[in-house]
Amino acid sequence: MLRKCLSLVALSACLLPWSAMADTIDVHDAWVREMPAVAQHSAAYMVLENNGEETRELVGGSSPQFGRVEIHESVEEDGVARMVKQESLRIPAGEKVVLEPGGYHVMLMRREVDALRDGDYVDLELEFDNGARKMLRVPVRKAEAGHGGHHGGHHSH
Ligand SMILES: [Cu+2]
């Protein structure tokens, strides 16, 4: 039984009853930026809300559609936008952290499927510091006009 369990899910999920794993993070308004056909990377945005009584940290993620998932923050230095990888993202108890264009985002790297279009979905698993994992089915959308951002690259129109 244990061996079978190990092969299916992470160790932490096997050893803790599901009640103890009850995660206190709610995800709202998640979306993935539509990518140009040639792009290998995109980003997921969302609001993470901590309804628990302890600070939680988002420590990573994975997606079957991408080779690598990282937590990034977009920063601007001397007028140049760039992204800084974060080891984790703190979500204090009772607070919300907003991941949005120009700020924090879940970076989706090395696309392994066909181009993702408005209306498609990205399966994204988020990992937290207490071992909790959260599976999300995140819709792909065109970036809103006016949200310039730096992920989209050059548009042809
Ligand atoms: Cu990024």
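Two exercises with worked solutions follow.

This is a predicted model, in which local features need pLDDT of at least 70 and side-chain atom pairs count only at pLDDT 80 or more, while totals for chains, interfaces and linings use all residues. Residues are numbered from 1 along each chain as its sequence is written.

**Exercise 1.** Determine which residues of the largest nonpolar core touch the most other members.

*Solution.* Step 1: the protein chain holds three helices and ten strands; helices (H or I, at least four residues) and strands (E, at least two) are DSSP runs, numbered from the N terminus. Step 2: a residue is buried if 20 or more other C-beta atoms, placed from the backbone, lie within 10 Å of its own, and buried residues make up 22% of the 157 residues. Step 3: a nonpolar core joins buried Ala, Val, Leu, Ile, Met, Phe, Trp, Tyr and Cys residues through C-beta atoms within 7 Å. Step 4: the largest such core has 24 residues, of which A44, L58, V106, L108 and V122 touch the most other members. Strand 2 gives the most to this core, with five residues.

**Exercise 2.** Describe how strand 4 is joined to strand 5.

*Solution.* Step 1: two strands pair if DSSP finds at least two bridges between them. Step 2: strand 4 and strand 5 run antiparallel and are joined by seven bridges; E76, for example, has A81 in strand 5 as its bridge partner. Step 3: the two strands form a hairpin with two residues between them, and D78 in the turn has a positive phi of about 55 degrees. Step 4: among the seven residues of strand 5 (residues 80-86), the count of buried residues is zero.

How values were computed. A residue is buried if 20 or more other C-beta atoms lie within 10 Å of its own, exposed if 12 or fewer, and partly exposed in between; C-beta atoms are placed from the backbone.
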